[in-house]
Amino acid sequence: MNPVIVSGRLKGKRALVTAGAQGIGRAIAERLAAEGAEVLATDLNAAALQNLTGDAIRTAAVDGTDAQALQLALGDKQFDILVNCIGWVHHGTLAETDYQQWRRSFQVNVDSAYHAISAVLPGMLERGQGSVITIASAASSVGGFPNRVAYGASKAALIGLTKALAADHVGQGVRFNAICPGTIDTPSLGERINATPDPAATRKAFIARQPMGRLGVASEIAALAAYLAADESAFMTGSSLVIDGGATV
């Protein structure tokens, strides 16, 4: 899938995309750059960051769960757009989730967003403009998915964070929205599929659960992120947008 790129729509804007080395984060970083934004993509995976394409993309290898390391990487840079893409999927019911796994789910999925927003929000408020986009999940927006108790809870927290921030700053020019993807064909999903005893059967089962008969692709999520980053969505804040191929209809 190759959604149409609106050239120049984000010209003059600076964007920070966390977990930008692969999957949804990479697709968003490249899409925002293609539409004219200057992009800083951060990720733990320094090698994968080198594969990003686009003259307008700069990279920084940094652990997004480390507030001091993130602030050091950002320095005094100001951003008009922030996209929080850091995430980790833990599989299991509550009985299969120990406290360390529970805490890691919130540290990676929620604390990383808190740190990034805390770093860029003061500058956005000072300039009276900004769009913060957080990748949540269809697993937490309209219903729970089985064996995802820690993941679902942490992603639901991101929706709550998005709505609370939107309410706090609705009159100050900074918007907050969440994207809730369904099953997207990314390297992360591939790793989880390949870790099962029968990867081919697992992939087939994933696809069979999709009403459209296919998995989503990262470029489709990136297209929605570009809209939320652009001025066309200026009247939208506090929304959680489900893009899951009808899986939760």
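Visitor: Let me start with His-91: is it buried, partly exposed or exposed?
Guide: This is a predicted model, and in it His-91 is partly exposed, with a relative accessible area of 38%.

Visitor: Where does His-91 lie?
Guide: His-91 lies in the loop between strand 4 (81-84) and helix 4. The C-alpha atoms of His-91 and Ile-81 are separated by 31 Å, and these two residues are ten apart along the chain.

Visitor: And what does His-91 touch, leaving out residues up to four places away in sequence?
Guide: His-91 touches Asn-147, Arg-148 and Arg-192.

Visitor: Let's follow Asn-147, then. Which loop is Asn-147 in?
Guide: Asn-147 lies in the loop between helix 5 (138-141) and helix 6. Asn-147 is partly exposed, with a relative accessible area of 40%. Its phi is positive, near 60°, although Asn-147 is a residue other than glycine.

Visitor: Is Ala-19 buried or exposed?
Guide: Ala-19 is buried: its relative accessible area is 18%, and buried means under 20%.

Visitor: On to helix 1. How many of its twelve residues are buried?
Guide: Nine of the twelve, so helix 1 is mostly covered. Among the buried ones are Gly-23, Ile-24, Ala-27, Ile-28, Arg-31 and Leu-32.

Visitor: How far apart are the end C-alpha atoms of helix 1?
Guide: They are 17 Å apart. At 1.5 Å a residue, helix 1 (residues 23-34) should span 16 Å, which agrees. Helix 1 is followed by Gly-36, which has a positive phi near 110°.

Visitor: At what angle do helix 1 and helix 9 pack?
Guide: Helix 1 and helix 9 (residues 218-229) pack at about 50°, and their axes are 8 Å apart. The two helices are therefore oblique to each other, and their crossing is right-handed.

Visitor: Which residues make that contact?
Guide: From helix 1 come Gly-23, Ile-24, Ala-27, Ile-28, Arg-31 and Leu-32. Helix 9 brings Ala-218, Ser-219, Ile-221, Ala-222, Ala-223, Ala-225, Ala-226 and Ala-229. By class, the contact of helix 1 with helix 9 has eleven nonpolar, two polar and one charged residues.

Visitor: Now helix 3 and helix 4: at what angle do their axes cross?
Guide: The axes of helix 3 (residues 67-74) and helix 4 (residues 99-127) cross at roughly 40° and come within 10 Å. That makes helix 3 oblique to helix 4. The crossing of helix 3 and helix 4 is right-handed.

Visitor: Which residues meet there?
Guide: Ala-67, Leu-70, Gln-71 and Leu-74 in helix 3 meet His-115, Ala-116, Ala-119 and Val-120 in helix 4. Six of the residues in the contact of helix 3 with helix 4 are nonpolar, two are polar and none is charged.

Visitor: Last stop, helix 6. What span should its 21 residues have?
Guide: At 1.5 Å a residue, helix 6 (residues 149-169) should span 30 Å, and its end C-alpha atoms are 30 Å apart, which agrees.

Visitor: And which residues of helix 6 are buried?
Guide: The buried residues of helix 6 include Ala-150, Tyr-151, Gly-152, Leu-158, Ile-159, Leu-165 and His-169. Lys-155 in helix 6 is buried too.

How values were computed: Residues are numbered from 1 along each chain as its sequence is written. This is a predicted model: local features need pLDDT of at least 70, side-chain atom pairs count only at pLDDT 80 or more; totals for chains, interfaces and linings use all residues. Side-chain values use heavy atoms; hydrogens and water are left out. Axes are lines fitted to C-alpha atoms, for helices over the stretch in contact, and angles run from 0 to 180 degrees between N-to-C directions. Helices (H or I, at least four residues) and strands (E, at least two) are DSSP runs, numbered from the N terminus. Angles under 35 degrees count as roughly parallel, over 145 as roughly antiparallel, 65 to 115 as roughly perpendicular and the rest as oblique. A crossing is left-handed if the near helix is turned anticlockwise from the far one by less than a right angle, and right-handed if clockwise. Contact means heavy atoms within 4.5 Å. Ala, Val, Leu, Ile, Met, Phe, Trp, Tyr, Cys and Pro count as nonpolar, Asp, Glu, Lys and Arg as charged, and the others, Gly among them, as polar. The expected span of a helix is 1.5 Å times one less than its number of residues. Buried means under 20% relative accessible area, exposed over 50%, partly exposed in between (1.4 Å probe, protein chains only).
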